[in-house]
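Let's take a look at a protein model together. Start with the picture below, then read on for a tour of one residue and of the place where two chains meet.

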There are 2 protein chains.
Amino acid sequence: MENFQFYTPTEIFFGKGTENQVGEIIQSYGYHKVMIHFGGGSVRKSGLLDRVEHALQEHDIAYILFGGVQPNPTLSLAKQGMELCRKEGVELILAVGGGSVLDSAKCIADGVGNPDIDPWQFFLKKEVPKKALPVGAILTLSASGSEMSASCVITNEDGGFKRGFNSKTHRPLFSILNPELTYTVSKFQTGCGTVDIMMHTLERYFTKSKQVDLTDRLAEGLLKSVIEAGRIADREPENYEARATLMWAGSLSHNDLTGAGRQVFMTVHQMEHELSGMYPQIAHGAGLSALFCSWARYVCPYAVERFAQYAVRVWNCEMNFENPMQTAQAGIAATEQYFASLGMPVGLKELGITDEKFEEMAEKCTFFGQRTLPDYIELGKEEIVAIYQMAYEAGDKTGERR
Amino acid sequence: MENFQFYTPTEIFFGKGTENQVGEIIQSYGYHKVMIHFGGGSVRKSGLLDRVEHALQEHDIAYILFGGVQPNPTLSLAKQGMELCRKEGVELILAVGGGSVLDSAKCIADGVGNPDIDPWQFFLKKEVPKKALPVGAILTLSASGSEMSASCVITNEDGGFKRGFNSKTHRPLFSILNPELTYTVSKFQTGCGTVDIMMHTLERYFTKSKQVDLTDRLAEGLLKSVIEAGRIADREPENYEARATLMWAGSLSHNDLTGAGRQVFMTVHQMEHELSGMYPQIAHGAGLSALFCSWARYVCPYAVERFAQYAVRVWNCEMNFENPMQTAQAGIAATEQYFASLGMPVGLKELGITDEKFEEMAEKCTFFGQRTLPDYIELGKEEIVAIYQMAYEAGDKTGERR
């Protein structure tokens, strides 16, 4: 086990009806002026926004509304939010939505806290935010884990760069998690969320670090639960227990619990950021799903034992002691079949793209040759292109699933 | 899954040498005057206290020393600590030791924060601490989980009452966890710690709540890791990985992760508090070990499926589908054999006590008839006496293991 720090200060209020406590919660923290940040019309149509406004009014908390967040949230919208917060004297940003709204809120919070720094510098890792406005969340989508994580991913339209960085300032003050609010999430978005949750744990699971049994077993247990809950939520969107499992697992998958004491690569995330940075219509979870198994097959020869452990413990594959590589491959195939069973793409053609931009995406991913991605082997531009190409050849050749 | 709140704000610094960061850490929080709270001579002899003092001096942090905490920490010592903190203007209590030192520090912190309230009123649940001094920890014993938990258990010598209560104020600000500091923990205390860690998860695992698969699987994974690490640490006290697993599992076992979304009884803990309240020479872990399997056998008929799941998933017992009770009992027997293999008592005779006080202990446990303990069946005085009596008849009849 390697040395690590672990910091999850976010107060969680989990369960049915918890969004109605939001006024009381914000009051208990002593804040009086809030910006409600959200996406499009769905929080209005569902009546959630009304309930939130009502809960704030009941506790004499003043608020302004700032909507318009799109998937792959943009720097330009966040900059508008910063200006609004400064002008209105906002004390806390309440994100009502999924990971995109949360990340947009975090970016705004950093910007307001550090008015003298161009916020894109944080994403380029040239500056560090020293303080930030507090962020609270009412989650409507189980996927990103942003409600408990240190991460924040933003797209800079100027160049189509999608970049993320981790900061203590990104841990929300509180997150309200009511699984019922995810009943209306579409089959496709539920599949994307299930993949994203699994990937946050899988990218930590596939590590070079040795002697990581405790974290391994927590990760394996979480994955088994998510796989089952994802199957059920796909068929029964209003199954509370399945939605609850996905929601809590989403938070635990990205709050560092399943990565404690180990080196973490996050390769597939890095490669997917270039993909959905280049093609903003691609949902993050779908991009991850289309890439994971090709990445896994590419690096598997360098980590056969670990992939075999994954196959046996998560997918109940029989261990082939004479030929562990067969077991390892069986685990990858099981993952692929599972993703496909949720209607998720397992190859890039299914996303409706061509192979024209792979070189450019790989260049951006390596910061134009300034870095390689650490993994079981170092991944430079050539290897990254090879994985994109493998993913292009993989999956449903007809492209019909998309 | 039932509604729950989850709040683990404690910042964790885990790994080799981390105790040397303590000056830097306290400085980063902006505190200048610290009380170092500790037990007996072992932290002096080991040189740890010197290193801590050096680290504080290096960062210009003033401190006073307040030692003398014994196992089953007392209210009277805590009251001395409160007075000292007030007199010296202490801003943060740094607990250097195990759960007893931490709980003593938490009790002092509550007392200083609420000078107008008799601190025992908190333990009687007649008052609630509104604020408290911050507590930081350098842990030297993997067991109680107090380094990340909301709990605090204190013995009031006036009547021999051992009582605990949970409070947000009890979550330490930070905890420094270096597994190397536990190398010198004796075989017996290592066994007690392993049992305590398992029990914090087991008492949450045996719940009436349904649909708790995610939390179940996290708990089962944690238990499997602890069982293996406890075996290794028993034979190889300086095995870093085993010590690291016990230490991190100890924190995760009592920070509510393994109890999220479920009703929790904590019956064995309640019964053990009366045991070691009455006989202060009994180590908490040994008391739990001596009681658990008798409690389990007493309530098992009312929760056969859950005990069978425990047997299959944690102990790899084969499921007997025709007779699940046999599987359930096999899991309890496996636990008993494991505890015994660590040199832990599995019956009360092994603790060198008689059966004279069982009635009195049961009366105290039910607050003299004012409450019953919720469990798979309600446990009143009669049932509690019966479990003590079963535990008295159980285990090694010769009393030789103690």
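## One arginine in a loop

Find Arg262(A): it sits in the loop that runs between helix H9 and helix H10 (267-278) of chain A. Keep in mind that what you're looking at is a predicted model.

Is Arg262(A) buried or exposed? Its relative accessibility is 8%, and the cut-off for buried is under 20%, so Arg262(A) counts as buried.

## Who Arg262(A) meets

What does the side chain of Arg262(A) touch through polar atoms? One partner is the side chain of Asp216(A), with a polar contact at 2.6 Å. Another is the backbone of Val212(A), whose oxygen lies 3.2 Å from a polar atom of the Arg262(A) side chain.

If you skip the neighbours within four places in sequence, Arg262(A) is still in contact with a whole list of residues. Among them are Glu2(A), Arg204(A), Tyr205(A), Thr215(A) and Arg306(A).

## Where the two chains meet

Now zoom out to chain A and chain B. How many residues does each chain bring to the contact? Chain A gives 36 residues, and chain B gives 36 residues too.

The size of an interface is often given as the accessible area lost when the parts come together. Here, chain A and chain B bury about 3400 Å² between them, and 60% of that comes from carbon and sulfur atoms. On the chain A side, the residues that lose the most area to chain B are Met1(A), Leu214(A) and Trp248(A), which together make up 19% of what that side buries.

## Polar links across the interface

Between chain A and chain B there are 15 residue pairs in polar contact, counting pairs with both residues at pLDDT 80 or more. Strand E1 (4-14), helix H8 (213-235) and helix H9 (240-253) of chain A each supply at least two residues to the side that touches chain B. E1(A) provides the largest share of that side, with eleven residues. By residue type, the side of chain A that touches chain B splits into 19 nonpolar, ten polar and seven charged.

There are also two salt bridges across this interface. In a salt bridge, the side chain of Glu11(A) meets that of Lys168(B), at 2.7 Å from N to O.

## Strand beside strand

How do the two E1 strands line up? E1(A) pairs with strand E1 (residues 4-14) of chain B in the antiparallel sense, over seven bridges. Within this pairing, look for Thr8(A), which stands opposite Thr8(B) in E1(B).

Conventions
Residues are numbered from 1 along each chain as its sequence is written. Chains are lettered from A and ligands numbered from 1 in the order in which they are written. This is a predicted model: local features need pLDDT of at least 70, side-chain atom pairs count only at pLDDT 80 or more; totals for chains, interfaces and linings use all residues. Side-chain values use heavy atoms; hydrogens and water are left out. Contact means heavy atoms within 4.5 Å. Buried area is the accessible area (1.4 Å probe) that two parts lose on being put together, summed over both. A salt bridge is a side-chain nitrogen of Lys or Arg within 4 Å of a carboxyl oxygen of Asp or Glu. A polar contact is a pair of N or O atoms within 3.5 Å; within protein, one must be able to donate a hydrogen and the other to accept it, and residues adjacent in sequence count only if both atoms are side-chain atoms. Helices (H or I, at least four residues) and strands (E, at least two) are DSSP runs, numbered from the N terminus. Ala, Val, Leu, Ile, Met, Phe, Trp, Tyr, Cys and Pro count as nonpolar, Asp, Glu, Lys and Arg as charged, and the others, Gly among them, as polar. Two strands pair if DSSP finds at least two bridges between them. Buried means under 20% relative accessible area, exposed over 50%, partly exposed in between (1.4 Å probe, protein chains only).
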